[in-house]
Amino acid sequence: MNTLRNLRCRVRSERGQTLILGLMAVIILIVGILVLFDVQRVIRGKVKVMSAIDAAALTGAKWQQNTLNLIGEMNLIKACTVLITDPAYGIGESTDTFLAGDDSERERLKESADLLTQMQVRVAFVGPLIGFGAAQQAAKNNGLTYNESCNTFLQEMLSDISSGDYYGNPDIVKQDYYGFQWRVPYANMISAILGPSSDGTAKGVAVGTNVDYLGMPKLLADRSERPPVTVVNYLQNCAVMEAIAAEDWCILRALLPDNDGIYYQEKWWGNIRIERSKKALEGAELLPVHVTTYAGGDLYNRADENGMLDEVIRRIPGREEELKKLGTAYDSYDRNTQGDTDGKNNPLPEISWSTFDSDWCSYSEYGVDKGSWENYLRGPFQQGVDYRSGALSYFSIRVPDETILRQFEFRRNFQRNNHALRFGGTQNAVGRQINQYGARTESALTYFDDDDFHITFDATAKPLGYLKTEEGAIRYPFIAGMVLPVFDKVTLIPVALEPVYGMPMDDRAWIIYITKYLPALGTVNSIDDVEGLLAPADFALCRKYHNLIKNLDDLSWRLRGRQWLNAEATGHDVYDAFGNVTGHVTDTINEDHCDDWASGGGGNRYGPGKLH
């Protein structure tokens, strides 16, 4: 009788649990359908954004190519007899009559050459900015709209250009290049890119780039000890902050020393101060082509003696008569030891040339292992174009999460209601199963819980060109020194192959973190005190970085990372003669494999961080 009564009580206590289990199954099914729907939306959106970002990068690179070729064309005019024989320049009727009288023609030659140099500087400003504007239109044609962060960045940059603190300060940057007072035209061109706006919000920029601009802050720890200086360099590295968020202990291992006290003493970040960049400015800072001016005849001789000028002239059909090298009419030096005998000796020192700066170099000089990269690419690098380019067209955009699960804050709503679907205890088998379903569903939705979740898309393109010597050998375009019109195509390249330095226009939170949060951190002794020094809106943007630095400041968090690095990765047991285990030997620890490229066959080597 008691057994029958207990059975009835058990049935009564479990009544309705099948309905709850079914409800949980329906919820999980709905979530699965929404996830599948979101996946196809994400794929479709990714294709659209990638098409837009690729189009922007290629468009910008095309205008960089046009800029370099136009600058090179004006160098070619200087290197040939055009200035002397063309009546438009009013210098001389022919190479035979030039400099036959006084030195006034030499002065006019210099004036004409300097006028061309001024035009080259103008082109170095105008060409990249046209490319930047054209890239915006290419992105919009592919479905992107304006980006608030990018426009705000460019507006602030425009304000800096218009002020006298940096851009207008002649002690910091030269204000006049061969008669070209660049600052007002520079500001006007950027203002035109931003475009008019009826509501005061500029909407001209859809995709951003990294900008190494005049006055860009570099942060230093104002202490003599090495550790604080080292740590602050890590704190202003975006990849390090991402590694802290992902607990990628391999990337962070330099910040997890065995002797933890060396780094993490009181106020281990030091007294952070801002040092703003000061640099020569001979062209636009948006999609710069990195050219500069140099006066003298050495560059001409360098290009002429190797036959490069002849080869470039041959590339321009129909202009052989016009483009006669100065070297065919004038000796590079007077061979008569008695002095100048023809009055025409070497006008080249009077001429300034547009040249490549140090950003142009071979991959070997830049530290790129071409052999390793060719494992990741479809084929080997083409001869003559395997160089680090000073003209990179890089664009990026951060796309917010617009999935259904995010828009309806599904996880938060689920969390609020999930406890109503759970049992307080775990004694009941069906209750435990329902609890497990709820926990798994909640865990699966963790991905959608980040308020700042976004997807970053980026692409890099560059113009390609090469030179040939008299022997027909292919050389880098910068070997001649002077810029020549030899750039004949543009191409997309892996993003990780040639990184672009500067501040990212599209990441407002990072900009505020670098320019406001870290300098404020340098003035306090406790990380929690930073919040009171920033405007609420600024701190809200930086909160995620604030929390990441607090993780780094937590000893238990660091010890967990060091414990993982020191944990055994591979090992083997030791046996005696009778087959009994007598010990265990650790062969490698996790840290030994930090440089392995697991998906590429292992081995102690890195794979590329990002291809496209």
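## Report on a predicted protein chain

Tyr 376 counts as buried, at 15% relative accessibility; buried means under 20% relative accessible area, exposed means over 50%, and partly exposed lies in between, with a 1.4 Å probe and protein chains only. The model is predicted, so local features need pLDDT of at least 70 and side-chain atom pairs count only at pLDDT 80 or more, while totals for chains, interfaces and linings use all residues. Residues are numbered from 1 along each chain as its sequence is written, and side-chain values use heavy atoms, with hydrogens and water left out.

Tyr 376 is situated in the loop between helix H12 (370–373) and strand S7 (387–388). Helices (H or I, at least four residues) and strands (E, at least two) are DSSP runs numbered from the N terminus. From C-alpha to C-alpha, Tyr 376 is 9.8 Å from Pro 494 in space, although 118 residues separate the pair in sequence.

**The chain as a whole**

The protein chain contains 18 helices and 15 strands. Of its 612 residues, 44% are buried. Among the contacts (heavy atoms within 4.5 Å) with a separation of 6 or more, 77% are between residues 24 or more positions apart. The accessible surface, computed by the Shrake-Rupley method with a 1.4 Å probe and, for residues, with only the protein chains shown as cover, is about 30,800 Å². Carbon and sulfur atoms account for 51% of that surface.

**Selected residues**

The table gives the relative accessible area of several residues discussed in this report.

| Residue | Relative accessible area | Class |
|---|---|---|
| Leu 129 | 4% | buried |
| Ser 352 | 5% | buried |
| Lys 267 | 11% | buried |
| Glu 247 | 31% | partly exposed |

Leu 129 belongs to helix H4 (residues 104–141). Leaving aside residues up to four places away in sequence, Leu 129 touches Tyr 186, Met 189, Ile 190, Ile 193, Ala 284 and Leu 286. Ala 192 lies 63 residues from Leu 129 in sequence and 10.0 Å from it in space, C-alpha to C-alpha.

Ser 352 is part of strand S5 (residues 352–356). Beyond residues up to four places away in sequence, its contacts include Lys 78, Asp 114 and Tyr 294. The side chain of Ser 352 also makes a polar contact of 3.2 Å with the side chain of Tyr 178. A polar contact is a pair of N or O atoms within 3.5 Å; within protein, one must be able to donate a hydrogen and the other to accept it, and residues adjacent in sequence count only if both atoms are side-chain atoms.

Glu 247 and Lys 267 may be considered together. Glu 247 lies in the loop between helix H8 (238–246) and strand S3 (272–276), and Lys 267 is found in the loop between H8 and S3. Most residues other than glycine have a negative phi. Glu 247, which is not a glycine, has a positive phi of about 50°, and the phi of Lys 267 is a positive value near 50°.

**Two packed helices**

Helix H17 (residues 536–553) packs against helix H18 (residues 555–566) at an angle of about 70°, and their axes are 5 Å apart. Axes are lines fitted to C-alpha atoms, for helices over the stretch in contact, and angles run from 0 to 180 degrees between N-to-C directions. H17 and H18 are therefore roughly perpendicular to each other, a class that covers 65 to 115 degrees, whereas under 35 is roughly parallel, over 145 roughly antiparallel and the rest oblique. Asn 551, Leu 552 and Asp 553 of H17 meet Leu 555, Trp 557 and Arg 558 of H18.
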